[in-house]
Amino acid sequence: MTVRLANQPLDLIEADLRLEFLTQPQLENHPHRALLEQAGFKAEAEQLCTLHERRVMVCGIADTSSETLRSAMASAVKTAMGYNYASLKLAQYGEEAFSALIEGTVLGSYRFDAYKSDPKPSALAEVVFSNVNSDGSALDADALEKTLRDTLIITEATNFVRDLVNQTPYDMTPQGMAIAAETLAKNNGLECTILDPNGLEDEKMFAMLSVGRASVNPPRLIHLAYKPKNPKKTITLVGKGLTYDSGGLSLKAATSMVTMKMDKAGACAVMGMIKAISELGLEIEVHGFIGAVENMIGGNAYKPDDVLRAKNGKTIEVRNTDAEGRLVLADVLGYAQANVNADYLFDYATLTGACMVALGPYTTGVMGHNEELKRSFIDAGSAAGEYCGILPFNRHLKKLIKSDIADVCNVSSKPYGGAITAALFLDHFIDENMKDKWVHFDIAGSAYTESAWDVHTYGGTGAGVRMTLQWVLNNLA
Ligand code: BES
Ligand code: ZN
Ligand code: ZN
């Protein structure tokens, strides 16, 4: 489906169907009010009504905020895809809302049918925006063009992430992740380095190696780099890439294991972000480090009671093999910091069920030492249409991951605050000079959904991508 801008008033644009967003007061004076009311339309939030004879589809909205319009646009485009119209046109709703409408269009029309033998095609081939507002005032066409270009890059990168996350653990093994990264590197002119288990051993990454040991699909460390000529800043992105998390010997219950192909979503998000930043051509050096591993059971599996030595030399007591993401990240964070001297270090991980307990299933947990930096992500998230919330560290929680036998334990001694104690575990692997430059994002709840919400359909959501791109544009570009 193409999304384009036509610098014409809406009436002059040729399209099969017109979409209008209406608040309740606007319904009062609407030319089709009688017809719409007869059809039961009340302009309630996201209520849709199509008058096919008039070639108009109306969508109720509570207000014209970006958040409302983004979600309403996603509902409208999904419904329009079920009709037999080839094109849909709509007006502008103020300059601020344009990116939200594009997000609604591209993210809302996403479908993943790679595993369907008879996928239902949609006739809707194009969505056309006028440069004129619904109230008749025109907007600056050049500014709209730039918004369209940038937003398409970011939303298409989000859908790229969703495609990766949605692939099965059979198709997307650690080696599959490495191939996907190499393909991205080739297409986008990135550098790509991959370490296999021998390379990981040379680097003394025994925490990550242990997690992957019982799998027939050996682990890979993936390093992608985007290096523009005159970078203003350097950022390092680290992603948890568990292509499957069975829990290991601390095996998950059958119902908790379903969906654990999504445990690679942090890694996929890192790939999507570097894709978008390179396509936007930003003057920022970006390094993406991914720990791609499968957590399985077997005669040689790592065990509760094992003590592992991570790349930075610290020892870790394993008490639960299902707390594997933090072990992988311990080594990948160590490797990333040893190889790149970055201005910022961000990690993305579907790390804890506890994060969902704390914040609900839609919100990313934001953790770290730098209060201002964390807050700047809350702002970026709300502008980009991602929910995030800060989970605060404290010194008492820090004590809960003390070990009697090693430097640190991979699980907390108390059952509460698990998202924070996981982040405090990661903190052991952040170098002193990086403490204030680091932010950890727990996307366990936000990265995947089994029921549609907002701009998301079943499957991967691409959590982290829009928020981080917005942060980069706000703070570095
Ligand atoms: N990948 C899971 C976390 C997760 C759970 C992500 C549900 C998405 C949905 C992680 O590896 C894990 O299993 N964490 C454990 C940690 C516990 C053993 C301390 C958890 O959250 O239960
Ligand atoms: Zn786990
Ligand atoms: Zn996991």
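Analyst: A donor here is an N, O or S atom within 2.8 Å of the metal (3.2 Å for Na, K and Ca), and water is not among the atoms, so sites may look incomplete. This is a predicted model in which local features need pLDDT of at least 70 and side-chain atom pairs pLDDT 80 or more, while totals for chains, interfaces and linings use all residues. Residues are numbered from 1 along each chain as written, chains are lettered from A and ligands numbered from 1 in written order, and side-chain values use heavy atoms, without hydrogens or water.

User: What makes Lys240, Asp245, Asp263 and Glu324 the residues that coordinate the zinc ion (ligand 3)?

Analyst: Lys240 (NZ), Asp245 (OD), Asp263 (OD) and Glu324 (OE) sit at 1.9 to 2.4 Å, and the limit is the one just given, so they count as donors. Along the chain they are spaced K-x4-D-x17-D-x60-E.

User: Why is the site of the zinc ion (ligand 3) called octahedral?

Analyst: Six donors count as octahedral if opposite donors are over 155 degrees apart and all others between 65 and 115; four count as square planar by those angles, or as tetrahedral if all angles lie between 85 and 135 degrees, and anything else is irregular. The six donor atoms of the zinc ion (ligand 3) make angles of 76 to 172°, and the site is octahedral. For comparison, ideal octahedral angles are 90 or 180 degrees.

User: And what is the arrangement around the zinc ion (ligand 2) called?

Analyst: That one is irregular: its six donor atoms subtend angles of 71 to 167°. The protein donors are Asp245 (OD), Asp322 (O), Asp322 (OD) and Glu324 (OE), lying 2.0 to 2.2 Å away. Asp245 bridges the zinc ion (ligand 2) and the zinc ion (ligand 3), which lie 3.2 Å apart. Asp245 is in strand 9 and Asp322 in the loop between strand 12 and helix 11, 77 residues apart. Helices (H or I, at least four residues) and strands (E, at least two) are DSSP runs, numbered from the N terminus.

User: How do you know whether Asp245 is buried or exposed?

Analyst: Buried means under 20% relative accessible area, exposed over 50%, and partly exposed in between (1.4 Å probe, protein chains only). Asp245 has 3%, so it is buried. Glu324, with 0%, is buried too, whereas Asp322, with 23%, is partly exposed.

User: Why is Cys388 said to be in no disulfide?

Analyst: A disulfide is a pair of cysteine sulfur atoms within 2.5 Å. The structure holds zero disulfides. For Cys388, the nearest cysteine sulfur, that of Cys355, is 11 Å away. Cys388 is also buried, with a relative accessible area of 14%.

User: What makes a space a cavity or a pocket?

Analyst: On a 1 Å grid over the protein atoms alone, a cavity is a set of points where a 1.4 Å probe fits but cannot get out; a pocket is an open set with protein on both sides within 12 Å along at least five of seven lines, and lining residues have an atom within 4 Å of a point. By this rule there is one cavity of 30 Å³ or more. The largest cavity has a volume of about 90 Å³, a volume being the space filled by probe spheres set on points joined across faces, edges and corners. Its lining has 13 residues, and Tyr362, Glu386, Trp453, His456 and Arg466 lie nearest its centre. The largest pocket holds about 770 Å³, and helix 12 gives the most to its lining, with three residues.
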